[in-house]
Amino acid sequence: MTRPDTTAAAAALEGARAARARLADTTRCPPQMHVLFGLMLGGLVASEAASDRGTLVVEGLIAVSGVGLFVWQRRRLGYFVNGYRRGRTRPVALGIVGVYLLLFSTAAYLKGVDGLHWPALVLGALMAVIGTWGSAVWQARYAAEMAAPLGAT
């Protein structure tokens, strides 16, 4: 026989889990947002194909786009989910940053040492694909984490 206070506690936990799942659904990005994120990261890497001044201009435009994306998300939802948050999403975020740093550094090195500009375009395209994929994986992990029973994360 179940005690009434245990049943109420279980119902409250289920209600909290359901609320977290609804929250995860409200933050679900449309596919084009994942593509935009990937293009922004890819654009930063590809910017090394431009002159030094051109690189700064492209980087500035992408930074402004990032701020605009942040503001749009805050207005749409009333909050912004930090990509580096604790949980199963953090390794994905750190992996994306690690790949970005590797590709950007390689593009900058090849431009600075060997005078090669074209590899930045190839590496930028690769980063766009990886960034898009990583964003979608991050979203899936976030939704799964929010829908999981409390204490299971």
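Is threonine 89 buried or exposed? In this predicted model, threonine 89 is buried, with a relative accessible area of 0%. The residue sits in the loop between α3 (52–77) and α4 (90–114). Beyond its neighbours within four places in sequence, threonine 89 contacts Gly83, Trp138, Arg141, Tyr142 and Glu145.

Methionine 40 belongs to helix α2, which spans residues 31–46. Its relative accessibility is 14%, so methionine 40 counts as buried, the limit being under 20%. With neighbours within four places in sequence set aside, its contacts are Ile62, Ser65, Gly66 and Leu69. Methionine 40 also lies 7.4 Å from alanine 128, C-alpha to C-alpha. In sequence, methionine 40 and alanine 128 are 88 residues apart.

Charged pairs were examined next. Side chains of opposite charge can pair when their charged atoms come close. The count here is two salt bridges. In one, the side chains of lysine 111 and glutamate 48 meet at 3.9 Å, N to O. Lysine 111 lies in helix α4 and glutamate 48 in the loop between α2 and α3, so this pair ties together parts that are 63 residues apart in sequence. Both lysine 111 and glutamate 48 are buried.

The side chains of aspartate 52 and lysine 111 also form a salt bridge, at 3.4 Å, N to O. This pair links distant parts of the chain, with aspartate 52 in helix α3 and lysine 111 in helix α4, 59 residues apart. Aspartate 52 is exposed, at 59% relative accessibility, whereas lysine 111 is buried, at 11%.

Definitions and conventions: Residues are numbered from 1 along each chain as its sequence is written. This is a predicted model: local features need pLDDT of at least 70, side-chain atom pairs count only at pLDDT 80 or more; totals for chains, interfaces and linings use all residues. Side-chain values use heavy atoms; hydrogens and water are left out. Helices (H or I, at least four residues) and strands (E, at least two) are DSSP runs, numbered from the N terminus. Buried means under 20% relative accessible area, exposed over 50%, partly exposed in between (1.4 Å probe, protein chains only). Contact means heavy atoms within 4.5 Å. A salt bridge is a side-chain nitrogen of Lys or Arg within 4 Å of a carboxyl oxygen of Asp or Glu.
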